[in-house]
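Notebook open, structure loaded. I'm jotting down what I look up as I go.

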Amino acid sequence: MAAVRDRLHVLVVGAGVGGLAAARGLAARGHRVTVLERAPALTRVGGHLGVQSNAVLALRALGASAPVEECGVPVERFEIASWRGRRLAWWSPGALGREMSAPNVTVPRHVLLTALRDAALTHRDATELVFGAEVREIAAVDDGTGVTVRTADGRSFTGDLVVGADGVRSAVRRLAGLPGTPRTAGYLTWRGVAAARPPATGPHTARHYLGRGRTFGHWPLPDGRTYWVATRLRPGPSAGAAPAGPPDPADLPSRARELVGATPAHDILHTAVDTVEGCDTWHTGRVVLLGDAAHAMEPVTGQGGAQALLDALALATALAGVGAADGPGRIEGALADYAATRRGPARKVAEEARGLGGLHHLDNAVAVRVRDTVLRCTPHSVWQRRAALRLDERELLAAAAPAGRGTAPEAARR
């Protein structure tokens, strides 16, 4: 760990999952962190998240897992079904979680953000959160020893490096001249929380229905509530988002209409789905990207947040022992090591999500029948194996474990 007098001052742009995780990981290694967030405060808006076992292990390494594990509802079984409700495939996140001693849970997004914020602020002498700070300019310090960030309201912040954790339309990525273009995934989403349980599923079962150009998924929540997500293809490449409010019942499987009907219309979030393409370079000089700014992915695998957490761990690990007095080559070399560690694995997850997004939204009747047949004929063992912890994740979690309050479980290191 760098000595306190020689610690880095890191400017993190964005107080989402990746930004707060990076703040915690860097502060735990002795660095000073200033988080710049354009919103006026952390809010409770943002729906719910599936926090899979790899994300739980990453949160443990960051010392931020307890609130998520306590609040989250375990997902024991995940099913894929046809639009009419015929089961096509299933696997057991619960069994995988027991193997890794890390559950797969569903939680409100604000619980995860609050846990990460509180973990970061345990290092109060080293962590500052600045809200209402919209980044407008990034410039290298004249003598090459740092970077200055200027905000829309005229404030300036100078640090040793800048971390862009500001999402799919990252200002840091654009201002630093890094490649990457937001693109539409071609479909729209609706998300809500119903005061009801879905019919014909157990209390710890999640199910995803696949139709023609549309999907519907639901996950268990406490007190008999259910988190749901509906999607459908855009009507055309230039069409805007559909009007606010609930999805059209015609876009829902019959078994889902009761859930949507049990959701207050004003609480339904409706958005388009955007990803990033062409972001092959994650850093330049003393500026580096993580999370959605580097690899925003379609939400079909539920891995966006998990990959941001793994990015944060990898960045904090790469910068461990690096000090402000080190030359630019040492700092920039650490950023290059981080990017080399995470770029390949994150790209693989993003490509898998893109492929599944296309598969889930097939709009040709024959193609849909072929898809459903292939899914139904795929052995259960294949689905179970796909959901297991990958080797690169095991290695990263094992290397990052000293940053938390314990070590990664033995199952994650094997």
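I started with the contacts of Thr275 (heavy atoms within 4.5 Å). Leaving out residues up to four places away in sequence, Thr275 touches Val168, Thr181, Pro182, Arg183, Ala296, Met297 and Glu298. Thr275 sits in strand β17, residues 269–277 (strands are DSSP runs of E, at least two residues; helices are H or I, at least four; both numbered from the N terminus). Thr275 is buried at 2% relative accessible area (buried is under 20%, exposed over 50%, partly exposed in between, with a 1.4 Å probe and protein chains only).

Housekeeping: this is a predicted model, where local features need pLDDT of at least 70 and side-chain atom pairs pLDDT 80 or more, while totals for chains, interfaces and linings use all residues. Numbering runs from 1 along each chain as its sequence is written, and side-chain values use heavy atoms, without hydrogens or water.

The core has 81 residues, and Leu116, Leu309 and Leu319 have the most contacts inside it. Helix α9 (residues 304–318) gives the most to this core, eight residues. I listed the contacts of Leu309 beyond four places in sequence: Val17, Ala21, Ala55, Ala58, Leu59, Leu62 and Leu116.

Last, helix α11. I found Val374 there, in residues 365–377, and Ala367 lies in helix α11 too. Ala367 is partly exposed, at 25% relative accessible area. I also noted that Ala367 and Arg212 are 155 residues apart in sequence but 9.2 Å apart in space, C-alpha to C-alpha.

Methods:
Core = buried A, V, L, I, M, F, W, Y, C linked by side-chain atoms within 4.5 Å.
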